[in-house]
Amino acid sequence: KGSAGAAKSGGDVVWYEDFANGLAGNTAAGAWSTALANGNIWKWSLTGPVGAYSDPTAEVITSTSASNGFMAFWSDSVNSSFATDPPEPLPVFTPYDGALVSPVLDLSATPNLVLVFEHRMRYCCADNPYFVEISTDGGSTWPTRLAATTAGGNDDPGTVTASFNISAAIAADLTNVRIRFFNDGNGSGTSHYFWQVDDVQL
């Protein structure tokens with residue numbers, strides 16, 4: 001698994017992250033980071049969601065490389081009390097904002113790209129909170145926002161593969177691209193349940 005840069009034929013994977021090393025990253029491009037007020041809710045995990053409304057066994061992502069870990073935004077966990085077993089919901093549910101941010105990618109050798117990733121999501125109880133955003137200035141601005149939601153509120157579609165053509169989104173500066181997975185809780189008013197992300201590739 002290497003960094004982007006070498007010229008490839010159509011359909012080849014030019015960059016791939018399986019989160020085997022968590023935020024440290026598993027490519028030559030370097031480490032991932034978290035951002036926004038509640039970015040620290042993004043966690044590397046080997047187990048499914050834990051909280052008052054989640055099942056860590058039945059609702060864990062079944063991505064290609066899930067066995068070596070994945071990243072997850074655990075909304076349900078931070079809105080639960082673990083003073084009892086099983087955990088109980090907090091009296092007031094709070095929506096949170098947090099982003100998982102890729103390292104800077106130089107994609108100048110491969111301008112025509114599709115972003116593909118595996119994820120499992122469930123949310124409650126307002127609008128779609130899950131977005132993929134693209135930056136071409138190293139993360140100073142995020143002008144491209146793509147809705148990543150694959151189901152309605154409270155539904156769990158299981159593990160799905162998302163695919164977005166990002167060629168136009170990265171054209172402004174192919175040498176300074178960043179991708180982030182943004183849980184927009186405050187914008188949507190959504191406080192539960194989880195977003196699990198793995199096997200990100202271009």
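Q: How do strand 1 and strand 13 pair, parallel or antiparallel?
A: Strand 1 (residues 16–17) pairs with strand 13 in the antiparallel sense, over 2 bridges. Two strands pair if DSSP finds at least two bridges between them; strands are DSSP runs of E, at least two residues, numbered from the N terminus. Y16 stands opposite Q201 in strand 13.

Q: What kind of model is this?
A: This is a predicted model, where local features need pLDDT of at least 70, side-chain atom pairs count only at pLDDT 80 or more, and totals for chains, interfaces and linings use all residues. Residues are numbered from 1 along each chain as its sequence is written, and side-chain values use heavy atoms, with hydrogens and water left out.

Q: How many bridges join strand 8 to strand 13?
A: 8 bridges, with strand 8 (residues 114–124) antiparallel to strand 13. V116 stands opposite Q201 there.

Q: Why is strand 13 largely enclosed?
A: Because 9 of its 10 residues (192–201) are buried, strand 13 is largely enclosed by the rest of the structure. Buried means under 20% relative accessible area (1.4 Å probe, protein chains only).

Q: Switching to cores: which residues have the most contacts inside the largest nonpolar one?
A: F117, V132, F181, W195 and L202, in a core of 33 residues. A nonpolar core is a set of buried Ala, Val, Leu, Ile, Met, Phe, Trp, Tyr and Cys residues joined through side-chain atoms within 4.5 Å.

Q: Which strand gives the most to this core?
A: Strand 8, with 4 residues.

Definitions and conventions:
Buried < 20%, exposed > 50% of the residue type's maximum accessible area, 1.4 Å probe, protein only.
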